[in-house]
Amino acid sequence: MLNFTSIIEKFGAKGEKTGWTYVKITQAFAEQLKPGTRQSFRVKGKLDELTVEHLALIPMGEGDFILPLKADMRRKLRKQKGATLQLVLEADDRPVPLSDDFLACLKDEPAALAHFQSLTGGHQRYYSKWIEEAKTDATKAKRIAQAIKGLAMKLDFGPMTKINRTT
């Protein structure tokens, strides 16, 4: 486990990362977490007293990484840009679980299941996370139905969300 303190930063204009709030993970620290890795990988541990898992470290070039801090995480931490954050991290090599409810529904739709299984693990997790982030059971059910409809039509995530906005 790696234990260190860092300052929360925020990107100004930075392409797709514009406005992101993050903590920088230096190459030296990244090497201690997952030696030789130059691509995104997941970590678990604690941010102050908040227990976290399956958080992605994103490479920024020349060996450094960032750990994005989404708004809900910052609210739980009660911290913003400029605040000090205590991190206790280790590599998290466990597979990210997929939504059980979504997988159960997919079993009833062979065409949707076949397309879902043809997607990369990252794209599968994107669907699952979107469904699991629903705040109500009704929203979760609606998202499962939308996903299955789109997958049966062999659509990727973006086109699926667009087609469902018009129906």
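Strand 4 (residues 41-47) and strand 7 run antiparallel and are joined by 5 bridges, strands being DSSP runs of E with at least two residues and helices runs of H or I with at least four, both numbered from the N terminus. Two strands are taken to pair if DSSP finds at least two bridges between them. Val43 has Ala91 of strand 7 as its bridge partner. The model is a predicted one, in which local features need pLDDT of at least 70 and side-chain atom pairs count only at pLDDT 80 or more, while totals for chains, interfaces and linings use all residues. Residues are numbered from 1 along each chain as its sequence is written, and side-chain values use heavy atoms, without hydrogens and water.

Turning to the helices, the axes of helix 5 and helix 6 (residues 137-152) come within 8 Å and cross at roughly 155°; axes are lines fitted to C-alpha atoms over the stretch in contact, with angles from 0 to 180 degrees between N-to-C directions. The two helices, helix 5 and helix 6, are therefore roughly antiparallel, a label for angles over 145 degrees. Helix 5 contributes Tyr127, Trp130, Ile131 and Glu132 to the contact, and helix 6 contributes Lys140, Arg143, Ile144, Gln146, Ala147 and Leu151, contact meaning heavy atoms within 4.5 Å. Of the residues in this contact, 6 are nonpolar, 1 is polar and 3 are charged (nonpolar: Ala, Val, Leu, Ile, Met, Phe, Trp, Tyr, Cys and Pro; charged: Asp, Glu, Lys and Arg; polar: the others, Gly among them).

Methods: Parallel < 35°, antiparallel > 145°, perpendicular 65-115°, else oblique.
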